[in-house]
Each structure stands twice: as C-alpha cells, then as structure tokens.
2 protein chains.
Amino acid sequence: MTSRNTPTRRHLLAELENTDRPVSAAELHQALVSAGLDVNKTTVYRQLDALVAEGLASELDLGEGIRRYELHHDNGEHAHFICTECGDVYCLPVDETVLARGCKEAEARGFAVTSCSLELRGVCSSCAAREAH
Amino acid sequence: MTSRNTPTRRHLLAELENTDRPVSAAELHQALVSAGLDVNKTTVYRQLDALVAEGLASELDLGEGIRRYELHHDNGEHAHFICTECGDVYCLPVDETVLARGCKEAEARGFAVTSCSLELRGVCSSCAAREAH
DNA sequence: TATACTATTGCAACTCATTTGCATTTGCAA
DNA sequence: TTGCAAATGCAAATGAGTTGCAATAGTATA
C-alpha cells in the first residue's frame, strides 16, 4: 500500500494547486488551519516529504533559510525571482537552451547533472513602483 | 571607523583565500580552532556578516540547510555544482550570456535583477567512478 | 460489514544553524 | 596615553525541521 487519502493530504494538494508560487511548510500549515483543519505542523512536514518522494511535488531552497514546495510542472524548467524587498517569489519561464548551456561546463568535467536551477534576486516591479513614491 | 584588523578577521580572510570552494561558518570555525586560534563560533558568524556587508565576501545557500561563504571573484559570474553523493561543492565558470539571457524574462516584467545564480546538482566524476567499482 | 494491518497523525522533546543581549576586551585615532 | 566605538565571549533564545512513541484511522481482505 502506498499513500492514503487523508484530509491533510487533500487540503495540502488543493492548497498547492491554488498557488502560483512556491510555498513554505509554515505557510501551508497556516493555510490549512485557516481553512478550519486542525492539523499539526509535523504532519505538514511529513506529508510534504511524502509528496516529494512520490514525485508529485518538488522542494526548493531559495536561500531564505526555509524550504518551499511546489507541484511538479510538466511545462519545462523555470527560474525563480525573489524580491529582496517584499520577499515575494515569482516563477519565470526560461528558455531551455539557457539551462542546457549552463550545464555544459559541468558535463565537460564528467559530472552527471540531474537538476539545475536559476535563481534571481532583486526588486520586483511593485516594490520599485512603491519606492518611486 | 569601520572594520578593525583583528586576529579573527585575518585568519578568516586567509582561510577563505586558501579554498577554492565555498565554506560554511562551522568549517571556518573548525579551521581557525585547528590553526590554534581560540575563537568563538558567534564571532565567526559576525565576522562573516561583516565581510559580506563590506562586499568582500558573498553568502550562498546551496540548499543544505547551512550557509556558505566565498570571497568575491572579479572573474565574473559562476555556477555551483553540488554532488548529491559526497556533498562536495564545485565552482564552475559560466558564459556570461547564459546568465544574461536568464535575466531577460525577469527584466521584461519590470524586475530589477541584482544577483543571479545557477545551481546544478548531480553526481561528481569521483563518485561516478567509485560507483562503477 | 467486520477485521486486521499499516500508514498517518499528534505530541513532546530534540537537533542544529544562527541570532541576540550584555558585559568585557581591544584596535586605533587623536 | 587615553577614550571610545568596534569586536568578542558567553549563555540563552530563536526557529526550522526531525524523531520516538503511542494513538488513530484509511483500506484491503475475509
């Protein structure tokens, strides 16, 4: 037997489907609690681990000191932009050839590349607009 | 007044200069202690923060749950390859145009990109060789 | 439908990197 | 020298994530 259809899992998947940006365990836990589900934080962590192990979700670390999760996209690789002002994370589509070329040097050294991510930091348009008072 | 020339700072800079891969605060602390310097871990963290603030070093998070530091290289941007077997981190030179193209999409959305990093994961050549017994 | 097996959950305690408050020490400029 | 801000050490706190264990609840099977 594998994963069971529990309330936590259902809500977690629903929550992941409803966001277009990677979310943290804490954010997910908060969302489930707000939705009236009395779920423990530990359970959220374990369910997320399970989803990742099953290949339904992927885990990412954007250098904030926490992990974020997102459902697997079939629509190819993408980059992440993190706004250093508001902390918002945006997913950006990236030309496959960009990442492929980035891997070239690693492969030339005999490294087998299994995953590849491009991470951008800066100020998002909303914050830039706000600062221009 | 700004940064003072303290023993911790001197040794820390020397240690950072002597490695070709990003090092963690714990590794640096261990190195200083091994070198006979009785330095507190907190001090190492604070000195590293200072070096980053001064622009001498840069901080990076490779998704290991810890932060790594490296001296600023003038020789352009580079990518990091993390071996999922042995945990070793390698710096790889990257064609500037690769990163520039990766930023294009972000800039098209009105985001001001200030930093950009490419992170690769996979198996390094040593581990691959070892596994082929 | 009842039963049994195993995945899932909650709770509390734990780990571990990093931070913080505060009193003390120490570069360094005047 | 002297004074003062920067740097340090120590202990305690923070916060994300993990673990052991007993209790609960899906689900396959009889």
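**View 1. The interface of chain B and chain A in the predicted model buries about 2,800 Å².** Carbon and sulfur atoms give 57% of this area buried between the two chains. On the side of chain B that touches chain A, the elements that give two or more residues are the strand β5 (89–93), the helix α4 (96–108) and the strand β6 (112–123) of chain B. Of the elements of chain B, β6(B) gives the most to this side, with 12 residues, and the residues of the side as a whole divide into 17 nonpolar, 9 polar and 7 charged. The contact takes 33 residues from chain B and 35 residues from chain A. Between the two chains the count of salt bridges is 0, whereas 8 residue pairs are found in polar contact across the interface, with both residues of each pair at pLDDT 80 or more.

**View 2. Strand β6 of chain A pairs with β6(B) across the two chains.** The strand of chain A covers residues 112–123, and its pairing with β6(B) is antiparallel and runs over 11 bridges. Within this pairing, A:Gly122 stands opposite B:Val113 of β6(B).

View 3. The relative accessible area of A:Glu119 is 7%, and because the cut-off for a buried residue is under 20%, A:Glu119 is classed as buried. Its side chain makes a polar contact with the side chain of A:Arg121, at 2.7 Å. When residues up to four places away in sequence are not counted, A:Glu119 touches A:Asp61, A:Leu62, A:His80 and A:Ile82 in chain A, together with B:Ser115, B:Cys116 and B:Ser117 in chain B.

**View 4. Strand β3 of chain B, residues 68–71, is covered on both faces.**

**View 5. Strands β1 and β2 of chain B each pair with β3(B).** Strand β1 (residues 23–24) of chain B is joined to β3(B) by 2 bridges, the two strands running antiparallel, and B:Val23 stands opposite B:Tyr69 of β3(B). Strand β2 (residues 57–60) of chain B also pairs with β3(B) in the antiparallel sense, here over 4 bridges, and the bridge partner of B:Ala57 in β3(B) is B:Leu71.

Technical notes:
Residues are numbered from 1 along each chain as its sequence is written. Chains are lettered from A and ligands numbered from 1 in the order in which they are written. This is a predicted model: local features need pLDDT of at least 70, side-chain atom pairs count only at pLDDT 80 or more; totals for chains, interfaces and linings use all residues. Side-chain values use heavy atoms; hydrogens and water are left out. Buried means under 20% relative accessible area, exposed over 50%, partly exposed in between (1.4 Å probe, protein chains only). Two strands pair if DSSP finds at least two bridges between them. Contact means heavy atoms within 4.5 Å. Buried area is the accessible area (1.4 Å probe) that two parts lose on being put together, summed over both. A salt bridge is a side-chain nitrogen of Lys or Arg within 4 Å of a carboxyl oxygen of Asp or Glu. A polar contact is a pair of N or O atoms within 3.5 Å; within protein, one must be able to donate a hydrogen and the other to accept it, and residues adjacent in sequence count only if both atoms are side-chain atoms. Ala, Val, Leu, Ile, Met, Phe, Trp, Tyr, Cys and Pro count as nonpolar, Asp, Glu, Lys and Arg as charged, and the others, Gly among them, as polar.
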